[in-house]
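Here is a short briefing on one protein model and its ligand. Keep the structure in view as you read.

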Amino acid sequence: MATRVKDKKAAAEQWRVGLSDDQLKDILHKLKLCRYFDERMEALYRQGRLPGAIYSGRGQEGTHVGVVYPLHDDDSLFPTHRDLSAQLTKGLELRRVMAQFWGRIDGYTRGRDGNSHIGDWQGNRTWTVMSHLPIAYPVACGAALAYKRRGEPRVAMAICGDGATSNGRWHEALNVSAIFELPVVWVVNNNQYAYSAPNPLEFPVPTIAERAQAYRMPGVRVDGANVLDVYQATGEAVDRARDGGGPTLIESVSLRWRGHAGHDPAKYVPKELLEDYMQNKDPVKRFEELLRSNGVVDDTTVKELDERIQREFEDGYEFAQNSPFPEPGDVTKGLWVEDGYWTSEPGRGGGTQT
Ligand SMILES: Cc1ncc(C[n+]2csc(CCOP(=O)(O)OP(=O)(O)O)c2C)c(N)n1
């Protein structure tokens with residue numbers, strides 16, 4: 001009898017896929033922070049108060065947070081231009097990200113780049129975003145090969161969009177990783193469009209996940225609107241890679257609410273499709289409702305969380321505005337590794353501390 005009661009309780013708790021209340025609340029914090037950051041940065045951009053470009057990931061937070069959450073601190077992330085939410089989940093500091101956007105010395109590139117080309121390899125193992133799609137894939141292959149050869153129990157994860165899977169480098173990376181059974185997880189963040197080209201014009205098969213068969217690795221397709229599904233599928237892939245089982249391809253499907261960048265109104269996405277996703281498949285709203293219905297959060301805790309996120313953003317904004325611009329004379333610093341420019345802490349007042 002006691003076992004039956006226990007079994008019933010375990011079954012009722014299955015929805016939480018082994019995560020504690022604190023972890024579930026942490027995931028909600030990350031999802032909401034990413035959404036809030038995306039919305040506020042867009043507003044600042046449209047007001048002409050944020051220079052440069054913005055690459056929204058709105059509507060894709062379930063993928064970004066869900067794939068990164070199973071990684072350990074020492075595992076590495078090789079993101080693409082769209083993945084700021086994934087990078088924040090891996091541990092990039094919001095205030096330094098914001099200093100980056102305003103071209104300040106405390107940004108991750110010390111004022112050399114104005115937006116998404118960010119990474120913090122020494123700090124939290126996020127490789128700097130590179131423009132050439134999907135160049136992060138072969139680099140992740142190299143990292144995974146190094147982990148394997150050194151016998152380190154570490155995993156590399158690379159992310160790219162659906163459009164990038166048409167590039168030869170994507171196929172080379174999958175092929176090599178399968179031949180050498182590398183500890184790597186390949187993530188495709190499928191928003192159903194590569195700029196304006198819909199999936200059926202990008203590849204002849206119905207799904208990206210099934211392409212994994214050609215490389216004899218598991219291919220898993222998950223609903224990007226359900227962060228716990230993404231987390232669970234990716235968690236299994238990460239464990240498999242760490243245990244020597246080789247690579248997995250994860251295809252997480254969602255629909256981005258915004259176009260390629262701030263300048264793109266994305267008129268090519270049918271209105272009804274977009275409305276359906278915004279109303280019925282919002283990963284942030286869905287997860288909040290799940291936690292509410294299971295009594296993990298309530299009105300008070302959600303209000304406190306929203307206020308905390310607002311404070312975090314304001315703090316980041318202040319920090320960025322107060323951070324100095326780099327000294328123009330420092331532009332040649334860091335060209336050679338020997339000068340220690342990138343390994344030192346950002347120097348206040350022009351990067352003089354090298
Ligand atoms: C090799 C290469 N070709 C073209 C581009 C220009 N480009 C930047 S983003 C982008 C769209 C990529 O679509 P997708 O891979 O689906 O990612 P999404 O932007 O939708 O997240 C293109 C064509 C590039 N950066 N690199």
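A crossing of two helices is called right-handed if the near helix is turned clockwise from the far one by less than a right angle, and left-handed if it is turned anticlockwise. With that in mind, look at H3 and H10: their crossing is right-handed. The model is predicted.

**Confidence**

- The average pLDDT of the protein chain is 94. A score of at least 70 is reached by 96% of the residues.
- Residues 348-354 have a pLDDT below 50. Even so, this stretch makes 24 contacts in the model beyond near neighbours in sequence.

**How to describe a helix pair**

- Two numbers describe a pair of packed helices: the angle between the axes and the distance between them.

**H3 with H10**

- Helix H3 covers residues 61-68, and helix H10 covers residues 227-242. Their axes cross at roughly 35° and come within 8 Å.
- On the H3 side, the contact uses Gly62, Thr63, Val65, Gly66 and Val67. They meet Val227, Val230, Tyr231 and Thr234 of H10.
- What classes of residue make up this contact of H3 with H10? There are 5 nonpolar, 4 polar and no charged residues.

**H2 with H3**

- H3 also packs with helix H2, which spans residues 21-46. The angle is about 140°, and the axes lie 10 Å apart.
- Angles over 145 degrees would count as roughly antiparallel. H2 and H3 are therefore oblique to each other.
- The crossing of H2 and H3 is right-handed.
- H2 brings Ile27, Lys30, Leu31, Cys34 and Arg35 to the contact, while H3 brings Glu61, His64 and Val65.
- This contact of H2 with H3 holds 4 nonpolar, 1 polar and 3 charged residues.

**H5 with H13**

- Helix H5 runs over residues 94-101, and helix H13 over residues 299-322. They pack at about 45°, with axes 8 Å apart.
- Are H5 and H13 oblique or roughly parallel to each other? Roughly parallel needs an angle under 35 degrees, so H5 and H13 are oblique.
- H5 passes H13 in a right-handed crossing.
- From H5, the residues in contact are Leu94, Arg95, Met98, Ala99 and Phe101. From H13, they are Glu312, Asp315, Gly316, Tyr317, Phe319 and Ala320.
- By class, the contact of H5 with H13 has 7 nonpolar, 1 polar and 3 charged residues.

**Around the ligand**

- How many residues are around the ligand? There are 14.
- Those that come nearest are Leu133, Gly161, Gly163, Ala164 and Ala194.
- The shell around the ligand has 5 nonpolar, 7 polar and 2 charged residues.

**Two backbone details**

- Most peptide bonds are trans, and most residues other than glycine have a negative phi.
- Leu133 and Pro134 are joined by a cis peptide bond, with omega about -15°. Leu133 is also among the residues nearest the ligand.
- Pro134 sits in the loop between helix H6 (121-124) and helix H7 (136-150).
- Val17 is not a glycine, yet its phi is positive, at about 35°. Val17 lies in the loop between helix H1 (2-12) and H2.

Methods: Residues numbered from 1 in each chain as written. Predicted model: local features only at pLDDT ≥ 70, side-chain atom pairs only at ≥ 80, totals over all residues. Near = placed C-beta within 6 Å. Nonpolar A, V, L, I, M, F, W, Y, C, P; charged D, E, K, R; others polar. pLDDT = per-residue confidence, 0-100. Contact = placed C-beta atoms within 7 Å. Axes fitted to C-alpha atoms, helices over the stretch in contact; angles between N-to-C directions. Helix = DSSP H or I, 4+ residues; strand = E, 2+ residues; numbered from the N terminus. Parallel < 35°, antiparallel > 145°, perpendicular 65-115°, else oblique.
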